[in-house]
Amino acid sequence: MIKLHDKYFKPFLSEKEILKAVQKIADEIAVDYKDETPIFVGVLNGAFMFVADFLKAYQHPCEVSFVKLSSYRGLTSTGIVETLLDVPENIEGRSIIILEDIIDTGHTLQELVHLFSNTNAKEFKIASLFHKPDIYKGEYAIDYVGIEIPNKFIVGYGLDYKELGRNLREVYQLNQQHMINLVLFGKPGAGKGTQASFLKEKYNLKHISTGDVFRYNIKNGTELGTLAKSYIDKGDLVPDEVTIKMLEDEVDKNPDASGFIFDGFPRTTAQAEALDIFLQSKDMKINATIALEANDEVLIQRLLERGKVSGRPDDQDEEKIRNRFDEYNEKTAPLKDYYEDMAKFQSVNGIGSVAEITERLKKVIDSL
Ligand code: AMP
């Protein structure tokens with residue numbers, strides 16, 4: 001185990017496995033290009049080590065150059081890409097092969113394709129040492145891949161966590177053992193969102209509210225938003241397939257998180273089971289489900305008050321609110337037993353001042 005800044009990482013790929021993958025890419029490219037002189041273009045900073053070992057493995061005429069884009073700030077991809085070092089000159093009529101250390105969502109790749117599509121190179125190919133097919137969203141097929149890896153945050157062999165770890169000869173993955181994952185449970189209006197915003201700061205967790213993600217999609221007129229709107233406006237639950245997929249995407253967007261607060265998910269047994277399977281596949285688990293308890297009459301008053309400022313149609317009409325409670329009683333309440341059977345269920349009194357309730361929650365979390 002190694003520590004970089006605040007996080008722990010454990011060994012994932014040995015130097016030998018990495019060099020074997022580098023050799024494999026070099027051999028494949030040699031078959032295709034040994035009769036010409038391609039220009040290899042490394043993508044800085046991450047690919048410097050891959051480029052060096054690749055060139056040692058590729059013993060045919062070739063040239064090498066670099067580009068530099070910037071898309072990562074710390075661990076998370078912002079999706080914003082700037083060009084810091086531009087495409088090489090004199091590439092007219094030449095075959096260009098990009099050497100990338102890792103392709104995950106494909107944002108950087110999209111920008112690279114765009115950069116080179118404006119040139120008069122003869123041909124443009126992509127080779128990536130690592131590839132995360134689970135989260136790749138690009139349309140461009142990657143021509144040469146060294147090793148396909150699951151969506152884990154990795155460092156070493158050129159890859160960094162906040163600039164540390166690039167000089168490691170092996171690849172390490174983030175150790176998830178120190179993670180805390182919480183489900184905030186409770187009826188609409190119980191204060192899950194309010195409390196989550198305090199807890200995420202205190203424990204450095206990523207807050208995922210499925211209701212918020214749906215509303216964001218409705219506001220932006222996405223396909224998902226259009227689909228969800230008809231259910232949400234009536235106070236019905238959105239179908240499981242849609243909600244589960246959306247939740248998994250949100251988790252996948254944050255491979256670096258120190259833990260998650262799930263707010264408004266799971267709301268059905270099928271969702272709870274899917275969440276367990278999904279987390280297990282990532283070496284993660286739910287540590288606790290904490291229910292905020294309050295009676296219906298208090299909740300209805302809270303929701304109607306909130307409806308005046310939030311503008312949410314499902315908060316403004318008592319009948320819709322009652323329908324949300326019915327959905328809860330029928331589909332969500334059984335989850336109490338589901339988590340109790342695993343000794344993961346804790347109740348907290350949800351009536352009192354916001355600060356009082358936060359204190360009660362902290363006590364439970366600190367005891368985990
Ligand atoms: P919330 O903001 O959590 O009260 O959610 C608002 C609405 O979004 C709910 O009434 C449902 O229509 C929908 N929704 C949110 N989370 C889920 C979920 N886990 N499963 C199904 N529907 C959901």
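Okay, ground rules. Residues are numbered from 1 along each chain as its sequence is written, and side-chain values use heavy atoms, with hydrogens and water left out. Since this is predicted, local features need pLDDT of at least 70 and side-chain atom pairs count only at pLDDT 80 or more, while totals for chains, interfaces and linings use all residues.

Let's start with the ligand. Which residues are closest to the ligand? The shell has 16 residues, and the closest are Thr-210, Asp-236, Gly-264, Arg-267 and Gln-271; a residue is near if one of its heavy atoms lies within 4 Å. By class we get five nonpolar, five polar and six charged residues. Helix 5 (residues 210-219) gives the largest share of the shell, four residues. Helices here are DSSP runs of H or I, at least four residues, and strands are E runs of at least two, numbered from the N terminus.

Now the polar contacts, meaning pairs of N or O atoms within 3.5 Å. A ligand nitrogen lies 2.8 Å from a backbone N or O atom of Gly-264, and a ligand nitrogen is 2.9 Å from a side-chain N or O atom of Gln-271. Over at Arg-324, a side-chain N or O atom is 3.5 Å from a ligand oxygen. On its own the ligand exposes 480 Å², and the protein buries 96% of that (Shrake-Rupley, 1.4 Å probe).

So where does the ligand sit? In the second largest pocket, with "sits" meaning more than half of its atoms lie within 2 Å of the grid points. A pocket is an open set of points on a 1 Å grid over the protein atoms alone, with protein on both sides within 12 Å along at least five of seven lines; a cavity is a set where a 1.4 Å probe fits but cannot get out, and lining residues have an atom within 4 Å of a point. This pocket holds about 800 Å³ of space. It has 40 lining residues, and Lys-192, Arg-267, Arg-306, Arg-312 and Arg-324 are the closest to its centre. Helix 5 again gives the largest share, five residues.

Last, the cavity. The largest cavity has a volume of about 60 Å³, with volume being the space filled by probe spheres set on the points, joined across faces, edges and corners. Its lining includes Lys-192, Gly-264 and Arg-267. Strand 11 gives the most to that lining, three residues.

Technical notes. Polar contact = N/O pair within 3.5 Å; in protein donor to acceptor, adjacent residues only side chain to side chain. Nonpolar A, V, L, I, M, F, W, Y, C, P; charged D, E, K, R; others polar.
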